[in-house]
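Me: I have a structure open and would like to go through it with you. Could you keep to plain sentences as we go?

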Amino acid sequence: MKKTAIASLVAAATAALAFTPFLLAEGPCGRGGHGGPGVGIPHRVMKQLDLSEDQVTQLKSLREQFQESNTDLREQLKAKHDELRALWQVEAPDKEAILAKMAELDPLRTQMRERHVDQRIAMLSVLTAEQRTTMIDKMEKLHEFREES
């Protein structure tokens, strides 16, 4: 009985350690990856805004510009995340090396967050006051739904 309990604890601890890098390291664009939450306006919300063809074209152009202008930063973030993951996947992780790598990620994450803010403000400037109000209402409902689930 005692041996079974110890074996179970060892197995659980091993599994927890194996998944630690994936739980601690965010994706290259923050949690959610692929642009992450907060980038622009969610597609399902945009579909409900009754956008003109000109607005759709402008928003698409802004999104494409954002993707293109952030390619290098996304690649840098991915490389640092890969390095961090590798630091966690050794027999005896080095706390100082992990913290140093995390510190290298911080300015890159900050830079991406600032670019997300610029992107969202640019996208909001394309919308009318009524569309912005509708978007805020839809986004609030979306957040409430996510919190409930």
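Me: Let's start with Lys 80: buried, exposed or partly exposed?

Reply: This is a predicted model, and in it Lys 80 counts as partly exposed because its relative accessible area is 22%, where the cut-off for being buried is under 20%.

Me: Which side chain does Lys 80 meet in a salt bridge?

Reply: The side chain of Lys 80 meets that of Glu 83, with an N to O distance of 3.9 Å. Both residues lie in helix H4, three residues apart, which is about one turn of the helix. Glu 83 is likewise partly exposed, at a relative accessible area of 32%.

Me: What about Asp 82, what does its side chain pair with?

Reply: Asp 82 forms a salt bridge with Lys 78, at 2.9 Å from N to O. These two are four residues apart in helix H4, so about one helical turn separates them. Asp 82 is partly exposed at 33% relative accessibility, and Lys 78 is partly exposed at 45%.

Me: And Glu 104, where does it sit and what does it meet?

Reply: Glu 104 lies in helix H5 (residues 95–124) together with Lys 101, three residues away and about one turn of the helix, and their side chains meet in a salt bridge of 3.1 Å, N to O. Glu 104 is partly exposed, with a relative accessible area of 33%, whereas Lys 101 counts as buried because its relative accessibility is 13%. Through salt bridges that share partners, Lys 80, Glu 83, Lys 101 and Glu 104 are joined into one network.

Me: How many salt bridges are there by this rule?

Reply: The count is seven salt bridges.

Me: Changing topic, where is Asn 70 found?

Reply: Asn 70 is in the loop between H3 and H4. Asn 70 counts as buried because its relative accessible area is 1%.

Me: What does the side chain of Asn 70 reach?

Reply: Its side chain reaches the backbone oxygen of Phe 66, at 2.8 Å. If neighbours within four places in sequence are left aside, Asn 70 is in contact with Met 112 and Arg 115.

Me: Now the largest nonpolar core, which members touch the most others?

Reply: The largest nonpolar core has 13 residues, and those touching the most other members are Ile 41, Leu 59, Leu 127 and Met 135. Helix H2 (43–46), helix H3 (53–69) and helix H6 (129–148) are the elements that each give two or more residues to this core. H6 gives the most, with three residues.

Me: Last topic, where is the confidence lowest and where is it highest?

Reply: Confidence is lowest in helix H1 (residues 2–24), at a mean pLDDT of 44, and highest in helix H4 (residues 71–88), at 97. Over residues 7–38 the pLDDT is below 50, and beyond near neighbours in sequence this stretch has 30 contacts in the model. For the protein chain the average pLDDT is 79, and 73% of the residues score at least 70.

Notes:
Residues are numbered from 1 along each chain as its sequence is written. This is a predicted model: local features need pLDDT of at least 70, side-chain atom pairs count only at pLDDT 80 or more; totals for chains, interfaces and linings use all residues. Side-chain values use heavy atoms; hydrogens and water are left out. A nonpolar core is a set of buried Ala, Val, Leu, Ile, Met, Phe, Trp, Tyr and Cys residues joined through side-chain atoms within 4.5 Å. Buried means under 20% relative accessible area, exposed over 50%, partly exposed in between (1.4 Å probe, protein chains only). pLDDT is the predictor's confidence in each residue, from 0 to 100. Contact means heavy atoms within 4.5 Å. A polar contact is a pair of N or O atoms within 3.5 Å; within protein, one must be able to donate a hydrogen and the other to accept it, and residues adjacent in sequence count only if both atoms are side-chain atoms. A salt bridge is a side-chain nitrogen of Lys or Arg within 4 Å of a carboxyl oxygen of Asp or Glu.
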